[in-house]
Amino acid sequence: MVVLSQPILDNLAHFETCKSTSDIFTNIPIIDLSGPNCKTLIVEACKEFGFFKLINHGVSMELLNRFEAEAVKFFQLPKEEKDKLGPPNPFGYGNKKIGPNGDVGWVEYLLFCTNPELISQNDAKAIFPGISETLWCLVKEYVSAIKNMACEVLEMIADELQIGPKNVLSKLISDEKSDSCFRLNYYPPCPELQALSGRNLIGFGEHTDPQIISVLRSTNTSGLQICLRDGSWVSVPPDPSSFSSMLVMTNGRFRSVKHRVLADILKSRLSMIYFGGPPLSEKIVPLCCVMEEGEESLYEEFSWSEYKKSAYGTRLGDNRLGLFMKS
Ligand code: GA4
């Protein structure tokens, strides 16, 4: 038996933990973006898991590596330097505090607004005061490449579901007024974790993303877990050359996957996530083509702006869409 010294426990006392599990998600749908059947496989994955892994996506590894190196450099700066870019409101540098409603996690992050109209009208100084020109340029280059890829995925979904025209979904995120954001999450190693035998420290607590599509890429450290239909949590092995994508939509047919990230004892983890949202005024309603004759919408009609406002008033783990369910 090991007796823990009090300071170690105190240090982690404010953070959530969960029971360790060694279950690995072995049947992740892998979508080869350059392969046949891609459209069908994506739609199947959206219905079953709300999550899939993209390979042969065409985004250059050279860009990914350059971006990763610059991002790590930022998180390795002294605390005082990083704090100059925070607290996030909601954009900027954040450390341990997530969102405006009291959530915490073993994570540092940079949250950027990447709305195209704002970017084309302003320079980095206006959008993100204090960020280095180099990092900001890389964010723009990366987000533009990922957005193109996300549009390709949404066009395939529209095609497979036979919702004409082809760009009916992709235009929501390619619109000049689309409301998107980008986040760099850095999970520092936590050696004290060793003391928590049988439990893991939560880096980013369980939640679903509110946007239309999220594209995630991480470095080679595990930590991401997703929740399966039966409520069990499984680890998603990291793969720095692929992207994972999570989708929302379609009157309950597509799933928005619940996910969380665990901290590691020895290795840091960096992830880059693009969140593609529609223009603020866009009405969010189930696509009529996916509904059976006579089927009613499960949700009240709402705009992205109303949904987003309500989402920012919730805690990370809350059921955000539940508030808009018809009673
Ligand atoms: C989850 C998805 C994105 O990371 C995010 C998060 C946002 C934040 O970090 O400010 C929120 C969270 C996310 C949903 C509920 C609210 C808002 C933290 C939080 C507790 C940037 C987003 O758009 O919604």
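Author: Happy to! Let us take helix α7, whose buried residues are Val-139, Tyr-142, Val-143, Ile-146, Lys-147, Ala-150, Val-153, Leu-154, Met-156, Ile-157 and Ala-158. Please keep in mind that this is a predicted model. The chain has an average pLDDT of 90, and 95% of its residues score at least 70. For the complex, the predictor gives an ipTM of 0.99 and a pTM of 0.94.

Start with the length of the helix. α7 covers residues 133-160, which makes 28 residues, and at 1.5 Å a residue it should span 40 Å. The C-alpha atoms at its ends are 41 Å apart, so the model agrees with that expectation. Just after α7 comes Gln-162, with a positive phi of about 55 degrees.

Now, where do the buried residues of the helix go? The largest nonpolar core of the model has 62 residues, and those with the most contacts inside it are Ile-42, Ala-150, Ile-157, Val-215 and Tyr-274. To this core α7 gives the most, with 10 residues. In soluble globular proteins, nonpolar side chains tend to be buried together. Look at Ile-157 for an example: leaving out residues up to four places away in sequence, Ile-157 touches Ile-42, Val-43 and Leu-169. Ile-42 is itself among the core residues with the most contacts.

Lys-125 counts as exposed, because 12 or fewer is the cut-off and Lys-125 has 11 other C-beta atoms within 10 Å. From Lys-125 to Trp-136 is 11 residues in sequence, and their C-alpha atoms are 9.6 Å apart in space. Ile-127 is also in helix α6. With 19 other C-beta atoms within 10 Å, Ile-127 is partly exposed, since a residue needs 20 or more to be called buried. Not counting residues up to four places away in sequence, Ile-127 touches Cys-113, Leu-118, Ile-119 and Asn-122. Thr-114 is 13 residues from Ile-127 along the chain, with 8.7 Å between their C-alpha atoms.

From there, turn to the ligand. There are 17 residues around the ligand, and Pro-90, Gly-99, Asp-209, Tyr-312 and Leu-316 come nearest. Sorted by class, this shell has nine nonpolar, four polar and four charged residues. Two strands, β5 (103-113) and β6 (181-187), each supply at least two residues of the shell.

Pro-90 lies in the loop between α4 and β4, and the peptide bond from Asn-89 to Pro-90 is cis, with omega near -5 degrees. Pro-87 lies in the loop between α4 (79-83) and β4 (92-98), and here too you can find a cis peptide bond, from Gly-86 to Pro-87, with omega near -5 degrees.

Carry on into strand β4 and you reach Lys-96. Its phi is near 75 degrees, a positive value in a residue other than glycine. Lys-96 counts as partly exposed, with 13 C-beta neighbours inside 10 Å. Asn-56 has a positive phi of about 50 degrees although it is not a glycine. You will find Asn-56 in the loop between β3 (51-55) and α3 (61-75). Asn-56 is exposed, with 12 other C-beta atoms within 10 Å.

For a last stop, visit Ile-202 in strand β7, residues 199-207. Ile-202 is buried, because 23 other C-beta atoms lie within 10 Å. Setting aside neighbours within four places in sequence, Ile-202 is in contact with Phe-15, Glu-16, Thr-17, Cys-18, Gly-105, Trp-106, Arg-260 and Leu-262. Asp-83 is 119 residues from Ile-202 along the chain, and the C-alpha atoms of the two are separated by 22 Å.

To return to where we began, α7 is the helix that gives the most to the core, with 10 residues, and both Ala-150 and Ile-157 are buried residues of α7 that are among those with the most contacts inside that core.

Methods:
Residues are numbered from 1 along each chain as its sequence is written. This is a predicted model: local features need pLDDT of at least 70, side-chain atom pairs count only at pLDDT 80 or more; totals for chains, interfaces and linings use all residues. pLDDT is the predictor's confidence in each residue, from 0 to 100. Helices (H or I, at least four residues) and strands (E, at least two) are DSSP runs, numbered from the N terminus. The expected span of a helix is 1.5 Å times one less than its number of residues. A residue is near a molecule or strand if its C-beta atom, placed from the backbone, lies within 6 Å of it. Ala, Val, Leu, Ile, Met, Phe, Trp, Tyr, Cys and Pro count as nonpolar, Asp, Glu, Lys and Arg as charged, and the others, Gly among them, as polar. A nonpolar core is a set of buried Ala, Val, Leu, Ile, Met, Phe, Trp, Tyr and Cys residues joined through C-beta atoms within 7 Å. Two residues are in contact if their C-beta atoms, placed from the backbone, lie within 7 Å.
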